[in-house]
Amino acid sequence: MASPPPPKRQKQSGQRTGLREKHRKNTERKEEAKLPQKKYYRQRAHANPFSDHQLVYPSCPKEMVWANHFPKFFPAAVDGATVEAGTYSKKVEVEVADIGCGFGGLIVSLAPKLPDTLMLGMEIRTQVTEYVDERIKALRTQHKAEGMYQNISVLRANTMKFLPNIFEKHQVSFAPFGISKVLTVYKLNKIFICFPDPHFKSRKHKARIVSPTLGAEYAYILRPSGIVYTITDVEDLYKWMAKHFDDHPLFERLTEGELEGDICVDVMKVDTEEGKKVERNNGRKFVACWRRTEDPEW
């Protein structure tokens, strides 16, 4: 009689053993500001952006409650404050968007390098977003004395559908409190698209995060002179993204000389989770960046 097959190895994520749920609900770990373990938050890499993910999103950018994401920069005491004629309070805005931030490696690495720049990571997967959120909270507690990591946050979002619901147009002119002088407030300065889902099958190309339609949305929310950073280890996807951005009239590609010394490019290459994986496998990385040009005169 043949011997029975050996028992299957349990998933490392602890999904079957209950360890995943135990880890994620461990209040003692959170109180001690211990970093979450990635293996308990893993989720399949592919998420259908055309599905209804039961997302909560604002109907317009003015309804975004940024104080929930950056309490240090948006204190409740400021809400409703009046401004005297001729004086202006500094208006803080999110300047960096990491689309498909994954496990948050990029914004976590950039946080201490750009301490006064607000950065938002956006991720569609529920468990991955939860991991990044707990990671940021733990880092804020660990570095409370230095006040670090207060400038980064994460939002569960489907950027293919709701990006204009989150960010306003690249610049907003307004005259607050009846003052005749009009201020121009510049906002989003950098967009990162790091190792996006390549969607290899032709019928799935419509789900790629770069397309003519999405290129127009990136141009809409990005300020003039702002930069779109892209990186991938898939040459076909690199050519796809390059074609769409090169063809767009409001983007111009940056040369290698212009990218030299850009700290964001260095972080994008080596500090993201996917970047580290490609490095371990001795894979190639294809980097391309584009500058948002000025709006044409109509």
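This is a predicted model: local features need pLDDT of at least 70, side-chain atom pairs count only at pLDDT 80 or more; totals for chains, interfaces and linings use all residues.
Which side chain makes a polar contact with the side chain of Asp262?

1. Asp262. The partner is Tyr229: the two side chains make a polar contact at 2.7 Å. Asp262 sits in the loop that runs between helix H8 (256–259) and helix H9 (263–270). Asp262 is buried and yet has no salt bridge. The nearest side chain of opposite charge belongs to Lys190, 5.1 Å away. A salt bridge requires the side-chain nitrogen and the carboxyl oxygen to be within 4 Å, and Lys190 at 5.1 Å therefore does not count as a partner of Asp262.

2. Salt bridges in total. Side chains of opposite charge can pair when their charged atoms come close. In this model the count comes to 13 salt bridges. The next points take up some of them.

3. Lys137 and Asp133. These two residues form a salt bridge, with 3.2 Å between the closest N and O atoms. Why are Lys137 and Asp133 separated by about one helical turn? Both belong to helix H4 (residues 126–142), and they are separated by about one turn because they lie four residues apart in that helix. Lys137 is partly exposed, at 49% relative accessibility. Asp133 is also partly exposed, with a relative accessible area of 29%.

4. Lys243 and Asp247. Here the closest N and O atoms of the salt bridge are 3.0 Å apart. The pair lies in helix H7 (residues 235–247), where a spacing of four residues puts about one helical turn between Lys243 and Asp247. Both residues are exposed.

5. Glu252 and Arg291. The salt bridge between Glu252 and Arg291 has its closest N and O atoms 2.9 Å apart. Glu252 is in strand E8 (residues 251–253) and Arg291 is in strand E9 (residues 286–292), so this pair ties together parts that are 39 residues apart in sequence. Glu252 is partly exposed, with a relative accessible area of 37%. Arg291 is partly exposed as well, with a relative accessible area of 24%.

6. An unreviewed UniProt entry lists Asp197 under "active site". The residue is placed in the loop between strand E6 (190–194) and helix H6 (212–221). Is Asp197 buried or partly exposed? Its relative accessibility is 22%, so Asp197 counts as partly exposed; the cut-off for buried is under 20%. Leaving aside neighbours within four places in sequence, Asp197 is in contact with Ala45, His46, Arg208 and Leu237. The side chain of Asp197 also reaches the backbone nitrogen of His199, at 3.1 Å.

7. Phe200. Phe200 is in the loop between E6 and H6, which is also where Asp197 is placed. Phe200 is exposed, with a relative accessible area of 59%. Not counting residues up to four places away in sequence, Phe200 touches His205, Arg208 and Val234. The C-alpha atoms of Phe200 and Asp236 are separated by 8.7 Å, the two residues being 36 residues apart along the chain.

How values were computed. Residues are numbered from 1 along each chain as its sequence is written. Side-chain values use heavy atoms; hydrogens and water are left out. Helices (H or I, at least four residues) and strands (E, at least two) are DSSP runs, numbered from the N terminus. Buried means under 20% relative accessible area, exposed over 50%, partly exposed in between (1.4 Å probe, protein chains only). UniProt positions are given in the numbering used here, feature names are shortened, and annotations may be inferred rather than shown by experiment. Contact means heavy atoms within 4.5 Å. A polar contact is a pair of N or O atoms within 3.5 Å; within protein, one must be able to donate a hydrogen and the other to accept it, and residues adjacent in sequence count only if both atoms are side-chain atoms. Lys and Arg count as positive and Asp and Glu as negative; His and the chain ends are not counted.
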